[in-house]
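Hi everyone, thanks for having me. I'd like to walk you through one protein today, so let's get it up on the screen.

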Amino acid sequence: MEYYKLNVFLAIAAFLFLFPVVHGWGLDGHYTVCKIAQSRLSQAAADAVEKLLPESANGDLASVCIWADHVKFRYRWSSALHYIDTPDNLCTYQYNRDCKDENEVPDRCVAGAINNYTDQLLSYNSANENAITYNLTESLLFLSHFMGDIHQPLHVGFTSDRGANTIDVHWYTRKTVLHHVWDSNIIETAEERYDDSNVDELVDALQKNISTGWADQVKSWESCSGNKKACPDMYQSCLCLGI
């Protein structure tokens, strides 16, 4: 089972959001990440994903890519896994310092979650006795979602403003918070202007860019130094906004 490739291609698809005009990781953002990722899987990984997806997904990873947000109130322990808090006004990220929850429990952040669920998925079709204790369907859904979250700059933000959830802004005529602008408003506005409010047209445009204008960058998106199973730390960046 090539779950290394699954993780790689989820990373690629998420990374493609770092381009001018379109940024967003709400419903449409996560849908787009997973739609592109699934289309780029190896046959072995694609077969495994199809087997692990819930029946309600009808084989479509994108349709359940938002699942991890929907279960945060049922799985309250999972809320801390969607983000990383860094010290205020310090635009650096250090795993050992920053990947912890509010109770100082280590590895409980989005980078730690990516490492954890990658390890779980690598047990698929293995003789690992721990594999039977994992819910690999949920592992797949968590990993797919968190690969999107980790590329949203405000999911790696300052502790005091809670990832810009306390920063009030106006998006055109609508009052909201800065985090929500990045999660949803920007991509929704871009879809209205350029894609007839159709997320599938956005997916098609990105797919075209991958095979044409961005083709020479794809190999660098796939790289994970040191033969690591996952490399979420390389995706971290601290956005020092002049607010």
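When I say buried, I mean under 20% relative accessible area, while exposed is over 50% and partly exposed is in between, using a 1.4 Å probe and protein chains only.

Quick housekeeping before we go on. This is a predicted model, where local features need pLDDT of at least 70 and side-chain atom pairs count only at pLDDT 80 or more, though totals for chains, interfaces and linings use all residues. Residues are numbered from 1 along each chain as its sequence is written, and side-chain values use heavy atoms, with hydrogens and water left out.

Now the overall layout. The protein has 10 helices and 4 strands. Both are DSSP runs numbered from the N terminus: helices are H or I with at least four residues, strands are E with at least two. If you read along from the N terminus, the order goes α-α-α-α-β-α-α-α-β-β-β-α-α-α.

Next up, the disulfides. A disulfide is a covalent bond between the sulfur atoms of two cysteines. Here the rule is a pair of cysteine sulfur atoms within 2.5 Å, and by that rule we get 2 disulfides.

One of them joins Cys34 to Cys65, with 1.9 Å from S to S. That pair links distant parts of the chain: Cys34 sits in helix α2 (residues 27-39), and Cys65 is in the loop between α3 (43-52) and α4 (67-70), 31 residues apart. The link of Cys34 and Cys65 has 45° about the S-S bond and is right-handed. Both Cys34 and Cys65 are buried.

Then there's the disulfide of Cys99 and Cys109, where the sulfur atoms are 2.0 Å apart. Cys99 and Cys109 each lie in the loop between α5 (95-98) and α6 (110-121), so this pair ties together parts that are 10 residues apart in sequence. Which hand does the disulfide of Cys99 and Cys109 have? The torsion about its S-S bond is about -100°, so it's left-handed. Cys99 and Cys109 are buried too.

While we're on cysteines, have a look at Cys224. You'll find Cys224 in the segment after α10 (218-222), and at 11% relative accessibility it counts as buried. The C-alpha atoms of Cys224 and Met234 are 8.4 Å apart, and the two residues are separated by 10 residues along the chain.

Okay, on to charges. How many salt bridges does the structure hold? There are 6 salt bridges, where a salt bridge means a side-chain nitrogen of Lys or Arg within 4 Å of a carboxyl oxygen of Asp or Glu. I'll show you some of them.

Lys72 pairs with Asp69, and their closest N and O atoms are 3.6 Å apart. Lys72 is partly exposed at 26% relative accessible area, and Asp69 is partly exposed at 23%.

Arg97 and Asp98 also meet through their side chains in a salt bridge, 2.6 Å from N to O. Arg97 is partly exposed, with a relative accessible area of 24%, whereas Asp98 is buried at 3%.

And then Arg162 and Glu102 form a salt bridge at 3.6 Å, N to O. Arg162 lies in the loop between β2 (156-158) and β3 (168-171) and Glu102 in the loop between α5 and α6, so this pair ties together parts that are 60 residues apart in sequence. Glu102 counts as exposed, at 57% relative accessibility.

Where is Glu104 found? Glu104 is in the loop between α5 and α6, and its phi is near 70°, a positive value in a residue other than glycine. Glu104 counts as exposed at 51% relative accessibility.

Tyr172 isn't a glycine either, yet its phi is positive, about 60°. Tyr172 is in the loop between β3 and β4 (174-177), and at 52% relative accessibility it counts as exposed.

That's my tour, so over to you for questions!
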